[in-house]
Structure formats: C-alpha cells, structure tokens
Amino acid sequence: MGYRKYCNSLKGVNLKWEAQKVFPNYTYKSGPIVSRKIIKRAVEVVTRILTHERKKIEKAFKMLADIRYGHNKAKVTFDYDNAYRRVLTTKLCPANEYCYGESDENGIWICKNKIHYAELVGTILHESLHYFAYFNDKEICEKDEHYVMRMLGDDC
C-alpha cells in the first residue's frame, strides 16, 4: 500500500499532498502533544515516503548537482541506510518553542510540542534528508539541502 492510501487508512490522520510534491501540505493547526505512539505512526509514513518517492528525491538532488557543478558532472550518492536508521530511531526531546525537531548524522529528535500530524511527518522527513546525499563523496551544505527540500514541497 502506498503512503497516501496508508495515511487515509489511519484514524484521525488526514494528510494531503500536491501532485508532484513529496512533503505533505502543512496545515499550521494545533495538534496533540507529540508522544512515542504518535512518532511511531509518523515514522511509518516517512519510511513509506522515502521508499515510494525515491526517484523524485534523487532527481531533486541531481538537479541541484547540475546547478552547482554545471557541465562538470558531480558524482551524486545517497545514504538510504543511514536515513532509514535515523528515521526508525527517532527520539523525543523536551518541548521547545523555537523548533519542531533537529538532527545530526546519527539521529533525529522531535520536540514534545503540540504539533499537527502533517507538520510532524514533514519534520521527520525534512530531518531525514539532512546528511542524505553527497556530491563527490562530500556532504552538501545545509542551505543546499534546504533548497532541495523546497523543490520537494517543504516550507522550510
């Protein structure tokens, strides 16, 4: 089952996407305080997105490589194993009024804030795409990662 049908089958989850976008449409409405149970459901959606939208995600990073390197084609590699591992081990951290989540090369942390399900899924997906692609075996800067995420429908 695709991630969009899966979301529609979940009680209380009503996410919508624009046709060519990978990130859900954000509602900016209040939601429940994030719990381990809520994160578990969101993690399932994000892993399905990473699996089903693989071509779109890779295409966006390759477009960035073409912009950055032009005719000198950069070698683009993707670390799906690390992305899946980080998503599957997403952890809760104390509430923070300034952000919904953060990540590093080893993990993803979601703040115990009140957050709508669309923003939660988008935040975990956003954090999973950091440290995900490499150009010529080098990390991409955060600004460029955010550029790709905006191409994929994120409002970062």
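Contact, in what follows, means heavy atoms within 4.5 Å. Helices (H or I, at least four residues) and strands (E, at least two) are DSSP runs, numbered from the N terminus.

Good morning. The model is predicted, so local features need pLDDT of at least 70, side-chain atom pairs count only at pLDDT 80 or more, and totals for chains, interfaces and linings use all residues. Residues are numbered from 1 along each chain as its sequence is written, and side-chain values use heavy atoms, with hydrogens and water left out.

I begin with the helix pair. Helix α2 (residues 36-52) packs against helix α5 (residues 117-128) at an angle of about 55°, and their axes are 9 Å apart. Here axes are lines fitted to C-alpha atoms, for helices over the stretch in contact, and angles run from 0 to 180 degrees between N-to-C directions. On the α2 side, the residues that meet α5 are Ile38, Arg41, Ala42, Val43, Val45, Val46, Ile49 and Leu50. Their partners in α5 are Tyr117, Leu120, Val121, Ile124, Leu125 and Ser128.

Let me turn to one residue of α2, valine 45. Is valine 45 buried or exposed? Its relative accessibility is 0%, so valine 45 counts as buried (buried means under 20% relative accessible area, exposed over 50%, partly exposed in between, with a 1.4 Å probe and protein chains only). Leaving aside neighbours within four places in sequence, valine 45 is in contact with Tyr3, Tyr6, Cys7, Leu10, Tyr117 and Val121. From valine 45 to isoleucine 124 the C-alpha to C-alpha distance is 9.7 Å, across 79 residues in sequence.
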